[in-house]
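Dear colleague,

Please find the structure below, followed by notes on what was found in it.

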Amino acid sequence: MDLLDNLLSSISKTNAEKAQITPQERERRNRARLAQQAEQQKLQHWRAYVQNRLQRFLGEPLVYQRAVDEQQLRLQQQQQQQQQPHTSPSVVPQEPQQPTPQPSTLSQAHEGQQPTAVPLPSLPPLAPPRTFLYFPPQPKQYRHLLHEEAEKAELVSHSFGKGDTDRHSVVFRADAAPSLQQLAEIDNRIEDQMPGDQIIALIQDIQTQALIQVVEEPEVTPAKKAANERRAQRAKVSADNALAARIRAQVRKKQESLEGLLAGGGDDIGSLHVLGTEKRDRRTIEEIQADMRKRKLQQMQEVLRDPAASRSHAATTTTTATHNNNKRQRTG
């Protein structure tokens with residue numbers, strides 16, 4: 001009943017609140033709800049747009065490899081056409097068309113003839129796949145969705161720029177991700193309200209400089225490699241020695257504090273006792289209960305035999321119990 005009453009009271013309260021809402025407030029809430037729905041639709045469209053661009057970005061290496069294979073095939077076909085002999089039609093009599101011989105038989109049939117050199121047409125150069133993908137400045141929630149989709153696609157994404165509204169997002173391939181130094185350089189060289197074309201050129205310039213530095217880096221000789229290994233070994237030994245010295249200092253400090261406590265004497269020394277020296281009772285619960293019943297039976301038999309002895313035994317038991325209690329209080 002209480003639950004039903006609470007439910008009915010909450011419903012009536014909600015209806016009363018709705019009745020008190022003014023038309024202006026209702027209109028404002030409707031506009032806010034419609035704006036929220038429109039924003040959610042924009043976010044869904046943005047997510048679909050980012051997924052489409054990232055999917056095409058990931059497929060660029062495969063498309064580039066296919067184009068390279070097709071270009072090589074065309075070059076091979078052109079070379080084969082150039083190697084075929086070209087004779088004058090006035091010299092060669094008209095004969096029925098026969099199948100074209102293979103290159104091996106063709107060379108044997110026209111041995112000693114020099115083929116006419118035909119220049120090969122130049123093929124257009126292929127653009128290599130991009131190493132990064134640029135996105136213009138977007139609000140914070142849009143950049144958050146972009147970073148989520150890039151992480152799902154196993155790509156590296158970063159945002160550059162000043163403030164929260166003028167931040168450019170860039171997605172890199174995992175094998176072409178910039179280092180921390182390159183990221184700092186990109187972030188420092190990006191200015192306020194910088195166009196996207198200049199940012200793309202800036203990142204390409206930094207990546208090109210990094211490739212040049214890698215190519216121009218001198219090869220490490222075996223002697224230099226051995227020297228680096230010895231230097232690293234000496235640094236490791238010195239670090240181990242420093243750690244051992246700290247441990248020895250801590251042990252020495254603990255020993256001195258314990259020796260000072262022992263040399264001070266007082267009541268604290270009397271409280272020191274050796275642990276684990278008391279004998280443990282290894283009997284089971286059933287054996288303990290049987291021994292207790294046996295002891296009580298013996299006491300009852302002694303009372304029936306000699307009442308005076310039973311009174312002296314009770315006094316002795318009380319004195320022993322009092323002595324044990326006092327001993328526990330002192331040691332505690």
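Which side chain meets that of E25 in a salt bridge? The partner is R28, with 2.4 Å from N to O, a salt bridge being a side-chain nitrogen of Lys or Arg within 4 Å of a carboxyl oxygen of Asp or Glu. Because E25 and R28 are three residues apart in helix 2 (residues 23-83), about one helical turn separates them. By this rule the count comes to 11 salt bridges.

Please note that this is a predicted model, in which local features need pLDDT of at least 70, side-chain atom pairs count only at pLDDT 80 or more, and totals for chains, interfaces and linings use all residues. Residues are numbered from 1 along each chain as its sequence is written, and side-chain values use heavy atoms, with hydrogens and water left out.

The mean pLDDT (the predictor's confidence in each residue, from 0 to 100) is 75 for the protein, and 69% of its residues reach 70 or more. Confidence is lowest in helix 3 (residues 103-109), with a mean of 44, and highest in strand 1 (residues 132-135), at 92; helices (H or I, at least four residues) and strands (E, at least two) are DSSP runs, numbered from the N terminus.

With regards
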